[in-house]
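The following note reviews domain organisation, the contact between domains, and charge pairing. Please read each point beside the model.

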Amino acid sequence: MKSIFAFLTVAVFLVSCNPAPTSSKSSKGALTGNAAEKVYVAPGQYDEFYAFISGGFSGQLAVYGLPSGRLFRVIPVFSQDPEKGYGYNEETKPMLNTSHGFVPWGDSHHPDISQTNGELDGRWVFINENNTPRIARISLETFETEEIIEIPNSAGNHSSSFVTENSEYVVAGTRFGVPIPQRDMPISEYKGNFKASLSFIKINQESGNMNIAFQLRMPGFDYDLSHPGRGKSHGWFFFSMYNTEEAHSLLEVNASQNDKDFIAAVNWKKIEEYIKAGKGHKEKVKYAHNTWNDDTHTATSKMENEVLVVNPQDVPGAIYFLPTPKSPHGCDVDPTGEYIIGNGKLAAAMTVHSFTKMQKAIADKAFDGDKYGIPIIKFEAVNYGTLEQPGLGPLHTEFDTRGNAYTTFFISSEVVKWNVKDLKVIDRHPVYYSVGHLMIPGGNSRKPFDKYLVAMNKITKDRYLPTGPEVCQSAQLFDISGDKMELLLDFPTIGEPHYAAGIPAKMIMDKSQKIYKLEDNKHPDAVKTEADTKVVRKGNEVHIYMSMIRSHFSPDNIEGVKVGDKVFFHVTNLEQDYDVPHGFAMIGAQTAEMLIMPGRTATSVWEPKEVGVWPFYCTDFCSALHQEMQGYVRVSAKGAKTPIKYTLDDEVPGEEEE
Ligand code: CUA
């Protein structure tokens, strides 16, 4: 225990004596003369790459351009987004439903882009939610969240959401061991009784729809990160873990005892065969499965009640433990699929395992006992080698096409480039400060696009103008095309930039959705023309079927609403031009605005509390007459006899003018 404390003391010291402000040569001197040119994207020009950067505790996914670092869009995923009405309007609310009820917030972590033959294919990006375990799928045509599936029997969904070589599966692993099924029991009885789930979620290749194919019921260790095998190791999945001590308190000490923890190697192809042969058993669970219907552009939430559970002892030969020093965080597989890198947070060396050696060790039964029935492969029998003293606190590794790995070191705040085969450090570069993940576009695939590297830093300190106690987190862009890494740019990020996925812009920009065709709008409350707009009372509900087009609403004068009514604004944007959304906001409504894309319908609910004449307006500057895009709702007293009346320019929409 003493040695750990000594190590941590050194760590704290190193963090606190990071290089100081921007005026020092340490940062300015790091830039060569042409860095500005390399990140300059002239006005009207496009960036070369999209970068999808996790919003961390914002729960969202942000879209940036590289090399400029410009922020294009925040895609709402796990959190309500008042800017767009996501999670506030009636159509999107079901996306945030869970087995715990409506959850307005999430903690997003690791985006990963779908693959075909081990290469990025630009269909979807997946991202995990850590707190209330979920996986989301986002369309790279519409840049909208299309599906969110909750992961049962899981807690702290961290070793997620990574896709296999042909997007057969997106994989989610629990971070916390928990009682499965959940039950009332003493925490002190953790050891041996708490369990962990590794979930394999099948992806439908046509629709992208996700379904949990099976869950592995693993020992209650903490599963940290994971990556798929590729090429020769396709069919395997690798999970790093800490707390193989099964501690339940003061983990910083008690989960740092073992010299070696494990990487779990899971042969999912073999497990598929076992399942075909009838292995595994169904268990009762409860989890939400939320899907977005693009025709009705409405989400539905379904509560699922069953999951197929596979115990390791049911599938001999499918799961092994690879001893890996010491509390490995990242678990990364190189583009060839041969090398599996364990980033031992507390280890002095980087551990590189060999897939070829692993297969031989399995054939030779070179085991060092087992843990809960899972064979532990002898360290020497699987280890390719170690990279000695590369830095302090290794977290994550990505790769280029030239046999090099790039590893982040949290404690020594640097990125280190090293050759995987030779196990030799080639270059190192400081980052500002305390780097977590890094990303090379395609870095989790057979074919990285190794021109840029983005380091995502946890601490910003003095890198930007101060903004009170909370300063933004930050990304740093490096040029990695040469022998030496070259720092090009700092740019701020939203939330915590846990991880990112990058892809050449040309792979998705041309298929980006421009508008939604009005004729394809199957929303049950859509109106296709102004003549169809109307107001209908159903008991104490008033349904307003409204349209918007530059620069008015139809109808824009509405009467006959009463205090105590529940008013539904079903608003359709009739525009069919690119980049002409309209917004809708109602005074006093206890919800967000709606931002409605051309051809789409959205619904906002308002419960007026006071009599009066209350205005609504368009929130998005849509034309020279945007300010004129407004209207009124007259609200009468509860028992009033005011009849329903709705007009545009004092005419009832659709009725012939006299
Ligand atoms: Cu429509 Cu502003």
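1. Domain bounds here come from an automatic or database domain assignment. For this chain the assignment gives domain 1 (2-33), domain 2 (49-511) and domain 3 (523-647). The model is predicted, so local features need pLDDT of at least 70 and side-chain atom pairs count only at pLDDT 80 or more, while totals for chains, interfaces and linings use all residues. Residues are numbered from 1 along each chain as its sequence is written, and side-chain values use heavy atoms, with hydrogens and water left out.

2. The C-alpha centres of domain 2 and domain 3 are separated by 43 Å. Contact between these domains (heavy atoms within 4.5 Å) involves 15 residues of domain 2 and 12 residues of domain 3.

3. The size of an interface is often given as the accessible area lost when the parts come together. Taken as the accessible area (1.4 Å probe) that two parts lose on being put together, summed over both, the buried area between domain 2 and domain 3 is about 1,100 Å², with 47% of it on carbon and sulfur atoms. On the domain 2 side, E90, E91 and H297 lose the most area to domain 3, together accounting for 41% of what that side buries.

4. A salt bridge is taken as a side-chain nitrogen of Lys or Arg within 4 Å of a carboxyl oxygen of Asp or Glu. Two such salt bridges cross the interface of domain 2 and domain 3. E144 and R600 pair through their side chains in a salt bridge, at 3.3 Å from N to O.

5. Polar contacts are pairs of N or O atoms within 3.5 Å; within protein, one must be able to donate a hydrogen and the other to accept it, and residues adjacent in sequence count only if both atoms are side-chain atoms. Between domain 2 and domain 3, eight residue pairs are in polar contact (both at pLDDT 80 or more).

6. How many salt bridges does a search of the whole structure find? The search returns 33 salt bridges. Among them, K84 and D81 meet through their side chains at 2.8 Å, N to O. Both partners are buried (under 20% relative accessible area, with a 1.4 Å probe and protein chains only): K84 has 11% relative accessibility and D81 has 7%. E283 also forms a salt bridge, with R217, at 3.1 Å between the closest N and O atoms.

Terms used. Buried means under 20% relative accessible area, exposed over 50%, partly exposed in between (1.4 Å probe, protein chains only).
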